[in-house]
Amino acid sequence: MNIEIISSLQNPQIKKWRLLNKSRSERVAQGLFLAEGEHMALEAIQSGSACTLIVSEKGKDKFSSLLSTAMLPVCILADHVFAALCDAKTPQGILAVCKYLETSPLSSLGGKIICLNGVQDPGNVGTILRTMDAAGFTGLLIDEKTSDPFAPKALRASMGSVFRIPVCRTNDLCAALDTLAAHQYEILAGDLMGQPFFAERDRKENSCIIIGNEGAGISPEIKEKATLRLKIPMVGGAESLNAAVAAAVMMYDDLRFRLTNP
């Protein structure tokens, strides 16, 4: 096991790692992101995404067994240096430096896709990833206006599901949806003027559910690409659903159909 000990915030490697939590552009430039905490570090190791493990001086004994079995380079940091790398208010003493994963081609996303159109809250993005993982969805398609799934808040909300769901970011979402439609995907969008959500309908084996921006919803040009628009019923006083909740409702309706029509 290759171990490096770092005690200064002025270390060049520390300066580079500190930038990873600050912007997507830096994560893209370095091809890396940081996964904080024991659970996320384990997920990163198990998925093969981890490049380096970083532990605090205080946490090195607690995680000694994990460090010895992971077969990865290890950096032990002075506690104040470790804290400077962390986004969480109460660091757990371990994090993993991981390969940036937002590079999957559209063809790798599988038959059950969620498409995010300008979803800007990283907590929503991470929660959607976690729900996708639970409901058996296979790939995430996002546009340039959508928050980075590998930002710290999104990573925490995903609870490790980000390591199991391939992500494809595109600068031409309309073209990507056209490609899916050409390959016989059903393209679903929520719409207040759409068909009743719970009405019986024919379904295709492959589908893509579009989730729009938290305030503005799905943009008109993207909504035009939907092959089916559905109205989720709201019988109370609320005018809309949270983006992650709407995604969960639609995913679990799809899962219900799959389970009852094997």
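Which strands and which helix each supply at least two residues of the lining of the largest pocket? In this predicted model, these elements are strand 9 (186-196), strand 10 (207-212), strand 11 (228-231) and helix 10. The pocket has a volume of about 580 Å³ and is lined by 24 residues. G190, D191, G217, S240 and L241 lie nearest its centre. By class, the lining comprises twelve nonpolar, seven polar and five charged residues.

The second largest pocket has a volume of about 240 Å³. Its lining is made up of 16 residues, and N117, D143, K145, S219 and E221 are those nearest the centre. Two or more residues of this lining come from each of helix 8 (173-182) and helix 9 (220-223). Four of the lining residues are nonpolar, seven are polar and five are charged.

In soluble globular proteins, nonpolar side chains tend to be buried together. The largest nonpolar core of the model contains 50 residues. Within this core, the most contacts are made by I114, L116, I128, M132, L140, I211 and M251. Helix 10, which spans residues 243-260, contributes seven residues to the core, the most of any element.

For I211, contacts were examined with neighbours within four places in sequence left aside.

Definitions and conventions
Residues are numbered from 1 along each chain as its sequence is written. This is a predicted model: local features need pLDDT of at least 70, side-chain atom pairs count only at pLDDT 80 or more; totals for chains, interfaces and linings use all residues. Side-chain values use heavy atoms; hydrogens and water are left out. A nonpolar core is a set of buried Ala, Val, Leu, Ile, Met, Phe, Trp, Tyr and Cys residues joined through side-chain atoms within 4.5 Å. Buried means under 20% relative accessible area, exposed over 50%, partly exposed in between (1.4 Å probe, protein chains only). Helices (H or I, at least four residues) and strands (E, at least two) are DSSP runs, numbered from the N terminus. Contact means heavy atoms within 4.5 Å. On a 1 Å grid over the protein atoms alone, a cavity is a set of points where a 1.4 Å probe fits but cannot get out, and a pocket is an open set with protein on both sides within 12 Å along at least five of seven lines; lining residues have an atom within 4 Å of a point. Grid points are joined across faces, edges and corners, and a volume is the space filled by probe spheres set on the points. Ala, Val, Leu, Ile, Met, Phe, Trp, Tyr, Cys and Pro count as nonpolar, Asp, Glu, Lys and Arg as charged, and the others, Gly among them, as polar.
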